[in-house]
Amino acid sequence: RTRMSIREGFSGTVGNTPLILIKSLSEATGCKILGKAEYLNPGGSVKDRPARYIIEAAIKSGELKEGGTIVEATAGNTGVGLTLVANSMGFKSHYIIPDKMSTEKIELLRTLGATVEVVPTVSRDHPEHFSKIAQRRANEIPNAFYANQFGSIPNYTSHYETTGPEIWEACSGRIDGICIAAGTGGTLAGISNYIKEKDPKTKIFLIDPPGSGVAWEPKDGALVPREKTAEEKGSASSVMEGIGSAWVYTPLAKAKIDGVFQGNDSLGIEMALYLMRNEGLLVGGSAGLNVVGAVWLAQKLGPGHTIVTVLCDGGKNYTSKMFSEKWRKDHNIEITHTTAQSFVDTYDARHVIVENS
């Protein structure tokens, strides 16, 4: 019988999430497909880790003072993590969130006690982009601290010091591949740097949704990110929340990857539905896309390998969106893949848009 330990408060419960064997997909690929269950963090997502690190670093540096207000531009999950850490330490929270995010996330933030401004979704160069509004609010609100997850080294450090080591130890150092999507890039960068230091042969792939603003190209034996040109970006867009980097954020620039898969919204949503109905795993669309990437990497490497991905958040915040038949119909998303083998069969070498030679 496992002895339970006592942990101190919200921050003490962040991390040490289980690594779950996804049985049906493992059997279909002949690989061990493992999902790091970050949706089991106390705030419900992988963002609890950087939220804790960002606030603790700001307190230590003196940027966040007693009774202060944490200001952030967020797609929702970072805001939830920041608010819960803030509540436990006596801070206030003020967030700017784009209107394309789920109503569940917005209402949850308000329920937790945060001030939430919902603003129109506009391009990055627009003066009313949510990140620019957040910067202005941080200057306007007395005793405010701008968390700035997009430019935060603690965002990266949280995964380098915790998530990466947890994955390595759980797998006893036997990992052949890792595939995850990226938003700020903190998870990808932290995990990739730690695992590559332990075993440079581990293949680490990014899976990108349509509309990502970042391209990767080989340079000096590595893949280096750069912002896409307007022509490269085109008109593609994604309904996924929290992934698909708009530009080269500070954490993302530190990532060490071997290749990039071009994913799509439909498969990510279909996979989330599949995991719920066949594996009992209630996760969001970005987690679904991560698992698609893990299946593709398993197909690329062949049977007998161990592939790890991240189940970044839970599905409860998406009942009004991807789990709604009406919403899927409005967004022309059809459910055509309903078996493990059908997802395995989606792999095509052309999904690899760049690879480090």
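You're looking at a predicted model, in which local features need pLDDT of at least 70 and side-chain atom pairs count only at pLDDT 80 or more, while totals for chains, interfaces and linings use all residues. Residues are numbered from 1 along each chain as its sequence is written, and side-chain values use heavy atoms, with hydrogens and water left out.

**Stop one: Ser152**

Select Ser152. Is Ser152 buried or exposed? Its relative accessibility is 6%, so Ser152 counts as buried. You'll find Ser152 in the loop between strand S6 (144-146) and helix H7 (153-170). Helices here are DSSP runs of H or I with at least four residues, strands are runs of E with at least two, and both are numbered from the N terminus.

Now show what surrounds Ser152. Contact means heavy atoms within 4.5 Å; skipping neighbours within four places in sequence, Ser152 is in contact with Ile54, Ala147 and Pro251.

**Stop two: the nonpolar cores**

A nonpolar core is a set of buried Ala, Val, Leu, Ile, Met, Phe, Trp, Tyr and Cys residues joined through side-chain atoms within 4.5 Å. The largest one here has 83 residues, and those with the most contacts inside it are Leu25, Leu188, Trp216, Ile257, Met271 and Leu275. Helix H11 (residues 285-301) supplies the largest share of this core, 9 residues. Apart from this core lies another, of 23 residues, including Ile54, Ala86, Ile106 and Ala114. In soluble globular proteins, nonpolar side chains tend to be buried together.

Zoom in on Ile257. Leaving out neighbours within four places in sequence, Ile257 touches Leu188, Ile204, Leu206, Trp216 and Leu223, all counted as contacts.

**Stop three: Gly259**

Next, pick Gly259, in strand S11 (residues 259-262). Gly259 is buried, with a relative accessible area of 0%. Which residues are in contact with Gly259, leaving aside neighbours within four places in sequence? They are Ile204, Phe205, Leu206, Leu223, Val354 and Glu355. For a sense of distance, draw a line to Leu40: Gly259 and Leu40 are 28 Å apart, C-alpha to C-alpha, and 219 residues apart in sequence.

**Stop four: salt bridges**

A salt bridge is a side-chain nitrogen of Lys or Arg within 4 Å of a carboxyl oxygen of Asp or Glu. The whole structure has 20 of them.

Start with Glu38 and Arg49, whose side chains meet at 2.6 Å, N to O. Glu38 sits in the loop between strand S2 (32-36) and helix H3 (48-61), and Arg49 in helix H3, so the pair ties together parts 11 residues apart in sequence. Glu38 is buried at 0% relative accessible area, and Arg49 is buried at 2%.

Move on to Glu241 and Lys105, with their closest N and O atoms 2.9 Å apart. This pair links distant parts of the chain, 136 residues apart: Glu241 is in the loop between helix H9 (230-233) and S11, and Lys105 is in helix H5 (residues 103-111). Glu241 is buried at 7% relative accessibility, and Lys105 is buried at 2%.

Finish with Glu232 and Arg226, a salt bridge at 2.7 Å, N to O. Here Glu232 is partly exposed at 38%, and Arg226 is partly exposed at 27%.

Terms used: Buried < 20%, exposed > 50% of the residue type's maximum accessible area, 1.4 Å probe, protein only.
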